[in-house]
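Visitor: I would like to learn how to read a few features in a protein model. Please keep it brisk.

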Amino acid sequence: MVTLRYDVDRDELAALLDDEPRYRVDQVWTGLHEQLAGPAELTSLPKRLRERLATALPEGLTPVTEAIADDGDTVKWLWTLRDGARVETVLMRYPDRSTVCVSSQAGCAMACGFCATGQAGFSRHLTSGEIVEQVVRAARRARDDGHRLGNVVFMGMGEPLANFDATWSAIHRIHDDLGLGARRITVSTVGIVPGIRRLAAADLPVNLAVSLHAADDELRDRLVPINRRYPLSVLASACADHVAVTGRRLSFEWALIDGVNDRPVDATRLATYARDLRAHVNLIPLNPTPGYPTRGTPRAGVRAFRDRLRDLGVNVTVRDTRGRDIDAACGQLAAGSRLADPVRRDREDPRRTR
Ligand code: SAH
């Protein structure tokens, strides 16, 4: 089996370079993580070594398409992995920083009906190196465009806490070697309670976001099926532990679905749940996905829901719908599914441009 470029650790790299002068290990490591360069670009290395490394440590991601939206401020890449699995990564540029949204799995097993990734099902876990390489590629692009990658969010395809070890090892690499602070890294979960507990006990205090979407078990069982295993009361106590141990502010994601979770009673329940945990609420107007019949809450309803939460003392923001026209917005990542295929999609929907 080959080792991918960003799956290799320092010891393995040292073993690979055991016939070279010792300083080469540092040189290559720095090249990969600080210069964000592939072996071929490390011109301080002898050519034969560059060639050897390029073969021994291949890249894990091959670009299939790159879609651009929001006047160039949003870029979505579709990659194939070495076994043919496909994932997507989204880079969002903001005035003060850029944020990359990475995938942790090809597909997802959590089966939330309103999410395009959930609709497509699970293919496999990503390796740590496949996650890190998404960050490196995005950081390289940000740098080439004259800005800096400021944040990494695990809000792409997959459930990061269902792939805990690879996610955690990627977080360490992003923190230790790419140099992003723990407060710049956010893990988003449907609410895998044992994973939240592991995260709280781990040695880097990263931010936690929970995709809540409902604050009563009856509705949440339907919207986020894992709730049947980890109901709201259990979830709340794991979240409280995370906040207590890490000191990080918790956030809840809430995709507003017309007539489903945007009623006054939903706001009231959410306010109680969020206030107890001093959580910040991110409202996401539901983005359209092919397999879900219900629509997003109209704009006025989103504002009303937000205002109601505010009046109830909740910290709340409405997330923008970045990348919607390239299916790069929250819940729209569906690499490799029929609708993600650019050729077919253009034919099916001629209004779309890319
Ligand atoms: N599995 C993790 C990571 C994915 S994050 C998690 O669920 O948190 C992707 C975010 O987009 C989640 O908050 C998810 O609930 C939300 N989402 C899914 N489908 C959506 C849609 N159609 N519109 C808006 N947000 C959606």
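Guide: Start with exposure. Buried means under 20% relative accessible area, exposed means over 50%, and partly exposed is in between (1.4 Å probe, protein chains only). Arginine 222 counts as exposed, at 54% relative accessibility. This is a predicted model, where local features need pLDDT of at least 70, side-chain atom pairs count only at pLDDT 80 or more, and totals for chains, interfaces and linings use all residues. Residues are numbered from 1 along each chain as its sequence is written, and side-chain values use heavy atoms, with hydrogens and water left out.

Visitor: What salt bridge does arginine 222 form?

Guide: A salt bridge is a side-chain nitrogen of Lys or Arg within 4 Å of a carboxyl oxygen of Asp or Glu. Arginine 222 pairs with glutamate 218, the closest N and O atoms being 3.5 Å apart. Helices (H or I, at least four residues) and strands (E, at least two) are DSSP runs, numbered from the N terminus. Both partners lie in helix H8, four residues apart, about one turn of the helix. An α-helix has 3.6 residues a turn, so residues three or four places apart point the same way. Glutamate 218 is exposed too, at 53%.

Visitor: How many salt bridges does the rule give?

Guide: The count comes to 25. One is between aspartate 216 and arginine 269 (3.3 Å, N to O). That pair links distant parts of the chain, 53 residues apart: aspartate 216 sits in the loop between strand E9 (207-211) and helix H8 (217-223), arginine 269 in helix H10 (residues 264-276). Aspartate 216 is buried at 14%, while arginine 269 is partly exposed at 36%.

Visitor: Is helix H5 mostly covered or uncovered?

Guide: Mostly covered: 15 of its 17 residues are buried. H5 spans residues 128-144 and reaches 24 Å from its first C-alpha to its last, close to the 24 Å expected. The expected span is 1.5 Å times one less than the number of residues. Glutamate 130 is buried at 4%. Its salt bridge is with arginine 124, with closest N and O atoms 3.0 Å apart. After H5 comes glycine 146, with a positive phi near 85°.

Visitor: How many disulfides are there?

Guide: A disulfide is a pair of cysteine sulfur atoms within 2.5 Å. The count is zero. For cysteine 108, the closest cysteine sulfur is in cysteine 115, 6.6 Å away, too far for a bond. For cysteine 330, it is in cysteine 101, at 7.1 Å, again too far. Cysteine 108 is buried at 10%, whereas cysteine 330 is partly exposed at 31%.
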